[in-house]
Amino acid sequence: MYVVTVVFTIHAAHYPAFMQAMVVNARTSLQDEPGCRQFDVCESPTSPGQVFLYEVYDSEADFQAHLATPHFIAFNALTAPWVADKGVTMYRRAWP
């Protein structure tokens, strides 16, 4: 399995709209992408505006396919100006 984690810091004024768009993106990824196995959207209880994603794909190719989907491209274009900071890290799941 191929795991992607993303940590966003969102400008406060755009946080509600960002979260709404992110949930749509996550839901669509799970429904429409056969290689997307998990897409968790998490909010920090102590750092306002911080959002953590935990995504699991069958392979790196499935993640690259996700980045090319119309729904992700639209989400990214819409939300990019709302993002103050973004860090992405990839992993290969060792267990289970």
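Predicted model: local features only at pLDDT ≥ 70, side-chain atom pairs only at ≥ 80, totals over all residues.
Val 7 stands opposite Gly 87 in strand 4.

**Strand 1 and its partners**

Strand 4 covers residues 83-92, and its pairing with strand 1 is antiparallel, over 9 bridges. Strand 1 also pairs with strand 3, which spans residues 50-57. This second pairing is antiparallel too, and it runs over 8 bridges. Here Tyr 2 faces Tyr 57 of strand 3. How many of the 9 residues in strand 1 are buried? The count is 7, so the strand is mostly covered.

**Aromatic pairs**

The model holds 5 aromatic pairs. Two of them are set out here.

| Pair | Distance between ring centres | Angle between planes | Type |
|---|---|---|---|
| Tyr 2 and Phe 63 | 6.1 Å | 40° | tilted |
| Phe 72 and Phe 75 | 6.3 Å | 45° | tilted |

Why does the pair of Tyr 2 and Phe 63 count as tilted? Planes under 30 degrees apart would be stacked, and planes over 60 would be edge-to-face. The planes of Tyr 2 and Phe 63 stand at 40°, so the pair is tilted. The planes of Phe 72 and Phe 75 are at 45°, so that pair is tilted as well.

Where do the partners sit along the chain? Tyr 2 belongs to strand 1, residues 2-10. Phe 63 belongs to helix 2, residues 60-67. They are 61 residues apart, so this pair links distant parts of the chain. Tyr 2 and Phe 63 are both buried.

Phe 72 and Phe 75 tell another story. Both lie in helix 3, which covers residues 70-79. They are 3 residues apart, so about one helical turn separates them. Phe 72 is buried, as is Phe 75.

**A residue in helix 2**

Helix 2 also contains Ala 65. Is Ala 65 buried or partly exposed? Its relative accessibility is 42%, so Ala 65 counts as partly exposed. The buried class would need a value under 20%, and the exposed class a value over 50%. Phe 63, in helix 2 as well, is buried.

How far is Ala 65 from Leu 53 in space, C-alpha to C-alpha? The distance is 18 Å. In sequence, Ala 65 and Leu 53 are 12 residues apart.

Note on methods
Residues numbered from 1 in each chain as written. Heavy atoms only, no water. Phe/Tyr/Trp six-rings, centres within 6.5 Å; stacked < 30°, edge-to-face > 60°. Helix = DSSP H or I, 4+ residues; strand = E, 2+ residues; numbered from the N terminus. Buried < 20%, exposed > 50% of the residue type's maximum accessible area, 1.4 Å probe, protein only. Pairing = 2+ DSSP bridges.
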